[in-house]
Structures are given as C-alpha cells and as structure tokens.
Amino acid sequence: MEEHRIPSSLARIIFQSVEEHIGENGLNMFLKRAGLEEYIGKELPDDDTPSLEMSKFKKGIGLIVELFGEKAAKPLLLRWGKLTFEYALKNKPTLFGLAGLVTTFMGEEGKERFILKRVLKESENLYDVPHILTEDTDCFYVEIQDCFYCSNLHSDNCICWAPAGFWITMMTWITGKNHEVKETECMAQGHPSCKFRIAKKGSVLSPTA
Ligand SMILES: [Zn+2]
C-alpha cells in the first residue's frame, strides 16, 4: 500500500508555522537536515494534493527534538502546534472542520465536545492515524494510536507537545479560557499509544498570557 501523504494545504501550514518560528534560513536548514530538500523555496498548492509523506513528517519532528534537546524543543513544538491551529483557522478553516460550525445553542461543554469531535475526525483523515475520544465529568481524553509526534524517540518523559499546543489554542478559541492539556502516557516512554487529558473547565486568562 502506498504511504499516506499529508495534503498540500496542511503541509503549507506546517512549513509556514515552522518558518514563523525559526525564520526562512532556519526552515531551509531544517528541511535540508530532515531530507526534505525538495520543499526548499517551493510554493505548495493550497489544495488537497497528497504531499508530505508521513514517514518524513515523523522524522522531521524527531529531528527537532534531537537538534534542540527536549527542554528547548518543548516550547518550540507547543508553539508550533498553536500556530498550526491559528493558521488553519485563519487560512483554511475547512481543513480541521472549523468552518460552518453552528454552536450558538450549545453550552460551553457541549461546544467543546462538538468541536473536539470534529477536529479529531478531521485529524484522523489528514494524518491517517486513529484519534480516539473519551471523557469523564472533568476531562476529555484523546488517545493517538500509532502516534507520529513522538517519532521513534525514547524518553523518560512525555514528548508529544505539538498536539497539546494545538488543543490548548483550540480550547481557548472555544471558551476564551485557559485549559490544561497534559500528555499522560507517551509511546516514547514505551506505552502502546499516546494519551492526553484535556480539562473541560478552563481558568480565566491572565492579561499577560
Ligand atoms: Zn506520541
């Protein structure tokens, strides 16, 4: 079977947000080291054309952790997740199912559930990897099977910060509050899948945040 490729419009957003974070030269250097030279200076079409291979995407994320070390990679990947959400919302809201959402008649928790379900469903299609949603009274739980964010790395820690950054920003977009998102089990630690906890109740954002 042919390898899954991330659609061009998402690959665009991924590269744009990396560039915003580390600059054009940084992006080009990174693409070179990640074996993605073909994308240097390339204008990707903003459509569904299958583009970046999952194996290369996965390798690229692993390279960020290797190059920067876990301590520095954490804020970088959290921010990258945040930017991916912001770019998608602004430029391509259909990509993660963020367009045409009618949630005015729902309560806060209903809105969270509705949007999270949609985003996870779209994420499954975009990355071709299962994203399973469960919940209890206080939290939503997301399990990513065959997770690609931790690459093939080994660590004592949970290291999948990019999806956490994405969901933190998404939750703030929904409620206007700050929600704790925490990875609780990571494949890098030897667990069979990566698991995340998203608090349903947010705290009021401080003006400096
Ligand atoms: Zn992971």
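Here are some notes on how this predicted model is put together, taken point by point.

1. **Ground rules.** Because this is a predicted model, local features need pLDDT of at least 70 and side-chain atom pairs count only at pLDDT 80 or more, while totals for chains, interfaces and linings use all residues. Residue numbers start from 1 along each chain, as its sequence is written.

2. **Two domains.** The protein splits into domain 1 (5–91) and domain 2 (108–204); these bounds come from an automatic or database domain assignment. Taken over C-alpha atoms, the domain centres are 19 Å apart. Domain 1 puts 22 residues into the contact and domain 2 puts in 21 residues, where two residues are in contact if their C-beta atoms, placed from the backbone, lie within 7 Å.

3. **What domain 1 brings to that contact.** Strand 1 (5–7) and helix 2 (54–91) are the elements giving two or more residues to the side of domain 1 that touches domain 2. Helices (H or I, at least four residues) and strands (E, at least two) are DSSP runs, numbered from the N terminus. Helix 2 supplies the largest share of this side, 19 residues. By class, the side has 12 nonpolar, three polar and seven charged residues. For the classes, Ala, Val, Leu, Ile, Met, Phe, Trp, Tyr, Cys and Pro count as nonpolar, Asp, Glu, Lys and Arg as charged, and the others, Gly among them, as polar.

4. **Helix 1 against helix 2.** Helix 1 (residues 8–33) packs on helix 2 at an angle of about 145 degrees, and the axes are 8 Å apart. Here axes are lines fitted to C-alpha atoms, for helices over the stretch in contact, and angles run from 0 to 180 degrees between N-to-C directions. On the helix 1 side the meeting residues include I13, I14, V18 and H21, and on the helix 2 side they include L76, W80, L83 and Y87. Nine nonpolar, four polar and three charged residues make up this contact.

5. Four strands form an open sheet in the order 3-4-7-6, with antiparallel pairing; two strands pair if DSSP finds at least two bridges between them. Strand 3 (131–135) and strand 6 are the edge strands, each pairing on one side only. From one strand to the next, the twist averages 25 degrees.

6. **Strand 7 and its partners.** Strand 4 (residues 139–145) is joined to strand 7 (residues 193–199) by seven bridges. Along that pairing, F140 stands opposite I198, and I144 has C194 as its bridge partner. Strand 6 (residues 181–185) pairs with strand 7 over four bridges, again antiparallel, and there E183 is partnered by F196. Helix 3 (residues 108–127) lies across strand 3 and strand 4, running at about 160 degrees to strand 3.

7. **Helix 4.** Have a look at how enclosed this one is. A residue is buried if 20 or more other C-beta atoms lie within 10 Å of its own, exposed if 12 or fewer, and partly exposed in between, with C-beta atoms placed from the backbone. Among the buried ones are W161, F166, W167, M170 and I174. Their cover includes helix 2, helix 3, strand 6 and strand 7. Just after helix 4, G176 takes a positive phi of about 75 degrees.

8. Most residues other than glycine have a negative phi. D146, not a glycine, has a positive phi of about 60 degrees, and S151 has a positive phi near 50 degrees. D146 is in the loop between strand 4 and helix 4 (161–175), and S151 lies in that loop as well. D146 counts as partly exposed because it has 13 C-beta neighbours inside 10 Å, whereas S151, with 21, counts as buried.

9. **K58, for a closer look.** K58 lies in helix 2 and counts as partly exposed, with 17 C-beta neighbours inside 10 Å. Leaving aside neighbours within four places in sequence, K58 is in contact with F148 and S151. K58 and A34 are 24 residues apart in sequence and 9.8 Å apart in space, C-alpha to C-alpha.
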